[in-house]
Amino acid sequence: MSEDLPKEALKTVVEALCAPAISRDGIDLQADRWREEALKAALPALLARTSAKRLRNRLLVQADEKMLAALAADGTVTTADLPAILRTRRVWAGLVAGLARHPDQVEAAIALLPRLPGHEVERVVRDWDLDRYTRTQETAPVPPLPQALFDAVLEACLTPLAAYLLHPEAEEGWEAVSAFSKDWSLELGGRDGWAMLARCPQRWAQLTAHPVFGAAVQHLLLDQAETQGLEDARFRAADPDGEELPADPAPALSEDLLLACLPALCLPELADLPNPQVTARRTLHHIANRVRNNPRLVDLAADQLHAAADALVTRGQLLTWSGKQEGDHEFDGRVLRLAEDLALLSVNPDHLAGACVQLARLDQPAVVFPKPSRALIRVIDNADPDNDRPARLLERHYEHRRVQTLATLAANLHTPRTAVADVLNGLHPAELAWIAEKADGPNWFLAAAAAVPVPEDEDDGVVRLLDDDELGKHPDPAAVLQSWLDSPATGEIFSSSEVYRAVVKSRYRTLEHLRQIPADEILARHEPELALKILLDHCGRSTDRWEALAAAMTFDYDGEKITFGELLDSLAGATAETYRGEHHSVTALLRRGHGQGLLLCSHRCLTICDQTTTANLGVGRCRRVQAGITGRIKRFPACSSTISSSGICRSSAG
């Protein structure tokens with residue numbers, strides 16, 4: 001905008017630039033875009049020259065948040081403009097930072113902090129330097145951050161954690177989020193609080209003694225300081241011009257600071273929470289993680305840690321055994337974490353022996369040596385010659401954690417050796433091999449493991465999946481396949497699919513083998529062409545069987561798993577109506593993203609389609625025709641019948 005524009009023309013120019021461009025047919029979109037661009041370019045100069053409240057307010061409404069923050073930073077927008085701005089906008093971090101750049105507006109900027117959303121308060125400090133990513137030598141230096149503003153933001157960021165520690169009740173709906181937590185990281189995380197603390201390490205000692213925020217600061221330092229210090233050191237080492245990562249980096253917290261944080265070490269604020277079976281376990285794991293991050297606590301707070309571990313085990317009844325429930329995939333992890341935490345924190349022989357007993361009760365690992373993968377062989381031409389060793393196979397799915405935890409317990413001087421020896425006698429052969437090859441434990445532990453008697457006829461406990469060439473050398477290949485199905489590997493979530501795949505793809509399989517495999521493995525994951533032939537032969541021209549099969553294939557992800565044999569048996573004597581009443585389902589029959597699956601109608605219109613096809617296609621043409629839109633049809637004539645909402649073909653034509 002020209003500086004020669006007279007003052008008398010300002011009102012006319014403002015009115016013209018703020019009014020939409022109108023033509024005979026309504027708003028002229030192209031002309032209105034030009035108007036908006038001209039207004040954006042002239043807005044700073046117009047605001048600088050306009051003092052009339054009405055005109056100024058009209059200009060402020062036209063500016064976006066980024067421009068208003070910049071204008072506040074250079075002084076064009078002041079606290080006097082806040083009523084007009086906040087009439088149509090909420091407070092944002094850039095506006096607070098821009099106003100606070102002027103000493104006479106710092107108090108007004110601080111007064112806006114409570115109106116900021118909680119997750120944006122820390123951005124006032126983080127975004128103080130607006131040019132931090134584009135700064136050059138010609139860019140003006142950023143003014144210093146007012147100490148009063150920094151302190152206000154720090155207190156605002158620490159307040160949520162301080163309030164939680166005073167009243168540690170879960171917020172509504174928080175239980176569903178925190179149910180999967182292993183410790184209190186979600187509740188005590190305080191990301192923004194730590195981000196502010198990390199900017200003022202020189203004040204940590206003072207803040208740990210703060211009458212209101214001291215406990216929150218202590219928790220954040222114990223949980224975050226060492227981790228952040230290590231990350232910063234690694235970041236500097238990654239810089240080509242940076243310093244190398246030291247072998248033993250200096251701790252972020254001095255011994256005096258650690259001592260100042262001891263009141264918060266064992267989370268006394270959370271000691272009386274309800275449901276102690278869960279909260280005590282989480283508290284114990286959180287304390288153990290703090291000790292792992294700050295190893296000096298083992299000596300500085302030994303008595304405090306031992307007393308806390310004993311109290312938590314007793315209050316939460318953590319060593320009371322409860323059987324593993326179906327579908328509880330976290331059970332083994334909870335037992336292992338408890339044993340690891342007690343090995344680190346406890347000196348109570350009874351509790352350490354109880355942890356050994358729980359380890360002994362865990363299921364044996366399923367150690368599987370998979371069939372060679374042609375695709376993998378093409379990629380990896382220098383395969384490890386020791387990849388079939390039991391100790392290496394045990395680590396494939398982290399199934400060495402039980403024996404690794406036992407070695408940790410054995411390293412605790414207060415663990416009874418007899419309790420460790422009892423566990424050793426029940427270990428899987430691969431676990432004993434792991435101790436011999438990889439365990440780092442006391443000499444007596446290694447010697448005791450080596451002395452465990454092994455029957456002469458016992459193998460290494462590894463289920464080795466062979467290809468058909470190797471199976472053909474065996475006198476009874478079908479018996480080998482059956483031994484795979486009878487092995488514990490079929491009960492493990494990671495290895496069962498490998499076993500089923502090997503059996504289904506073998507030419508030595510029989511129908512009896514297939515009947516023992518879960519139906520969804522046969523129908524949706526491995527060799528659906530095989531299932532197609534069996535179902536065609538089994539259902540024949542029986543309309544009832546085809547309708548019962550169609551009803552069975554309306555799957556439920558949470559439904560009961562049935563074997564392929566149970567599915568076939570249920571079709572043998574069932575009608576469509578009786579089968580629907582039993583509510584059987586093939587779990588995840590058409591799970592998306594797992595290869596191919598089956599679709600059918602009652603006219604033997606049975607086909608294999610890609611898994612992009614959904615399970616329920618609704619009212620309309622037969623599933624076969626609809627599947628052809630996205631799937632690969634298998635050389636069958638398309639069925640043109642219509643189907644009901646259940647997906648069953650109702651036409652009488654074959």
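## Report on a predicted protein chain

Asn275 is found in the loop between helices H15 and H16. The model described here is predicted. Although Asn275 is not a glycine, this residue has a positive phi of about 55 degrees. At 44% relative accessibility, Asn275 counts as partly exposed. The loop between helix H15 (255–261) and helix H16 (276–293) also holds Leu267. Phi of Leu267 is likewise positive, near 50 degrees, in a residue other than glycine. Leu267 is buried, because its relative accessible area is 1%, and buried means under 20%.

**The chain as a whole**

The secondary structure of the protein chain comes to 36 helices and 8 strands. The chain has 654 residues, of which 44% count as buried. Its accessible surface comes to about 34,600 Å², and 53% of that surface belongs to carbon and sulfur atoms. Among contacts in the chain with a separation of 6 or more, 67% are accounted for by residues 24 or more positions apart.

Asp32 has its place in helix H2 (residues 29–49). With 12% relative accessibility, Asp32 counts as buried. When neighbours within four places in sequence are left aside, Asp32 is in contact with Pro20, Ala21 and Ile27.

Thr50 lies in the loop between H2 and H3. Thr50 counts as buried, at 6% relative accessibility. Apart from neighbours within four places in sequence, Thr50 is in contact with Leu10, Leu55, Arg56 and Leu59. In helix H3 (residues 53–62), the residues Leu55, Arg56, Asn57, Leu59 and Leu60 are buried. What covers these buried residues of H3 includes helix H1 (10–18), H2, helix H4 (65–74) and helix H5 (82–86).

**The contact of H20 with H24**

From H20, the residues Ala353, Cys356 and Ala360 meet Ala419, Val420 and Val423 of H24. The residues of this contact divide into 6 nonpolar, no polar and no charged. An α-helix has 3.6 residues a turn, so residues three or four places apart point the same way. Cys356, one of the contact residues in H20, is buried, with a relative accessible area of 0%.

**Cysteines and a further loop**

Cys157 also counts as buried, at 9% relative accessibility. A search of the whole structure finds 0 disulfides.

Asp476 has its place in the loop between helix H27 (468–471) and helix H28 (477–486). At 38% relative accessibility, Asp476 counts as partly exposed. Tyr508 is 32 residues from Asp476 along the chain, and their C-alpha atoms are separated by 9.4 Å.

The table gathers relative accessibility for several of the residues discussed.

| Residue | Relative accessibility | Class |
|---|---|---|
| Asp32 | 12% | buried |
| Thr50 | 6% | buried |
| Cys157 | 9% | buried |
| Asn275 | 44% | partly exposed |
| Asp476 | 38% | partly exposed |

Conventions. Residues numbered from 1 in each chain as written. Predicted model: local features only at pLDDT ≥ 70, side-chain atom pairs only at ≥ 80, totals over all residues. Heavy atoms only, no water. Contact = heavy atoms within 4.5 Å. Helix = DSSP H or I, 4+ residues; strand = E, 2+ residues; numbered from the N terminus. Nonpolar A, V, L, I, M, F, W, Y, C, P; charged D, E, K, R; others polar. Buried < 20%, exposed > 50% of the residue type's maximum accessible area, 1.4 Å probe, protein only. Areas by Shrake-Rupley, 256 points an atom, 1.4 Å probe, with all protein chains shown as cover. Disulfide = S-S within 2.5 Å.
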